[in-house]
Amino acid sequence: MGDPTGADTGAGGAPAPRRAGLVGTGLIGASIGKALRDRGWHVTGTDSEPARATAALDAGALDALGSDPDAEITFVAVPVGAVPDAARAVLADGGVVTDVGSVKSPVAAALPHSRFVGGHPMAGSEAQGVAGSRADMFEGTTWVLTPTETTDPAAQALVHSVVRSLGADVVTLAPEDHDRLVATVSHVPHLTAVTLMGLAAQRAEQEAALLRLAAGGFRDMTRIAAGDAGIWLDICEDNRTAILDVLDDLIGRLATMRDVVDRGDGTELRERLLAAQVARRNLPTGAPPAEELAEVRVAIPDQPGELAAVTTLATELGINVYDIEVVHAAGERRGLLSLVVSTEQADVLVDALRGRGRVASTHELA
């Protein structure tokens, strides 16, 4: 493995580029490749369809085809059902491996490896394949990491750092919590868009002008229905229970809304419209400016699961972690974890950590 700090030198003494691997070069994989290459990484990739890997190379998402045993991090960007086998093959080379699948529990159960860190970028496009890939795909988006009790803190810190460098905000969740929550904000919205688009298409058979009237609101709501249909078969299979629970809730709420409209209850309808308006406007945004950030330092044992426990606690408290680093003391089995959070949230995190028996402190961000 190369030096994860990028300190290796190449010809003429210049720093050698950091090395990354890709398994799968579709929309998300190729976008990761382009984003990494824009930041100076050397990216090597493979795909089950060789022509797609070649297209990724031609599109500037890769430097080379094939596998790179010296890659310090490899992104597995294949359908959820194919992640475990693909990740095991790469883990044999010795680097850190993460995936991009939108269902995490079955993947985590199949890969209890210290150097595997489950991941899910909450990004995408109605465009498909290499042709739709973009280097800025992840800027301002949320990227979920799902470490477990077996995850090496250094592996998690590396993935966190690399993902942040691509412009994403990182949220740490337990795999099962991820699957339950993402059913509400991703899986069911996609199925809802598919259903609404199907309804409009069917009614357009009797009313030819209908789809010509599809303006901004309808197009925004159904945009995701144009995405890659293939990946959703695995998603609906692997996250069936959570999806059904949210679908049942949505159906119940639609029935209630129908009743409100049927009764002509303008007061309740207005309350519902305003509540949704406020919630929509209060959706979280990106990182604050540097002067509004602080560093939280916490001592952790140098063993798997410790970093995951701290970052998951931050998520439970609603605290965004904008950067992360683990510093190891030579000859000791403890490390110092540094987390960058907003200044107004730093004391909340420190108090929570101390309440769990950890040694923690907050410092101005130098």
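## Cores and cavities in a predicted model

About 40 Å³ of space lies in the second largest cavity. The structure is a predicted model, and the count under the rule applied comes to 2 cavities of 30 Å³ or more. The largest nonpolar core has 32 residues, and a second, separate core has 22 residues.

**Second largest cavity**

- The residues that line the second largest cavity are Asp68, Pro69, Ala71, Thr74, Val90, Asp93 and Gly95.
- By class, this lining divides into 3 nonpolar, 2 polar and 2 charged residues.

**Largest cavity**

- The largest cavity holds about 60 Å³ of space.
- Its lining consists of Lys104, Val107, Ala108, Leu111, His113, Phe116, Gly118, Thr146, Thr148, Thr150 and Thr151.
- Helix H4 (105–110) and strand S6 (116–121) are the elements that give two or more residues to this lining.
- The lining of the largest cavity comprises 4 nonpolar, 6 polar and 1 charged residues.

**Nonpolar cores**

- Within the largest core, the residues that touch the most other members are Ile32, Leu36, Ile73, Phe75, Phe138 and Trp143.
- Two or more residues of this core come from each of strand S1 (19–23), helix H1 (27–38), strand S4 (73–76), strand S7 (142–146) and helix H5 (153–165).
- Helix H1 provides the largest share, 6 residues.
- When residues up to four places away in sequence are not counted, Ile32 touches Leu22, Phe75, Val100, Phe138 and Trp143.
- The second, separate core includes Leu339, Ala346, Leu349 and Ala360.

Definitions and conventions:
Residues are numbered from 1 along each chain as its sequence is written. This is a predicted model: local features need pLDDT of at least 70, side-chain atom pairs count only at pLDDT 80 or more; totals for chains, interfaces and linings use all residues. Side-chain values use heavy atoms; hydrogens and water are left out. A nonpolar core is a set of buried Ala, Val, Leu, Ile, Met, Phe, Trp, Tyr and Cys residues joined through side-chain atoms within 4.5 Å. Buried means under 20% relative accessible area, exposed over 50%, partly exposed in between (1.4 Å probe, protein chains only). Helices (H or I, at least four residues) and strands (E, at least two) are DSSP runs, numbered from the N terminus. Contact means heavy atoms within 4.5 Å. On a 1 Å grid over the protein atoms alone, a cavity is a set of points where a 1.4 Å probe fits but cannot get out, and a pocket is an open set with protein on both sides within 12 Å along at least five of seven lines; lining residues have an atom within 4 Å of a point. Grid points are joined across faces, edges and corners, and a volume is the space filled by probe spheres set on the points. Ala, Val, Leu, Ile, Met, Phe, Trp, Tyr, Cys and Pro count as nonpolar, Asp, Glu, Lys and Arg as charged, and the others, Gly among them, as polar.
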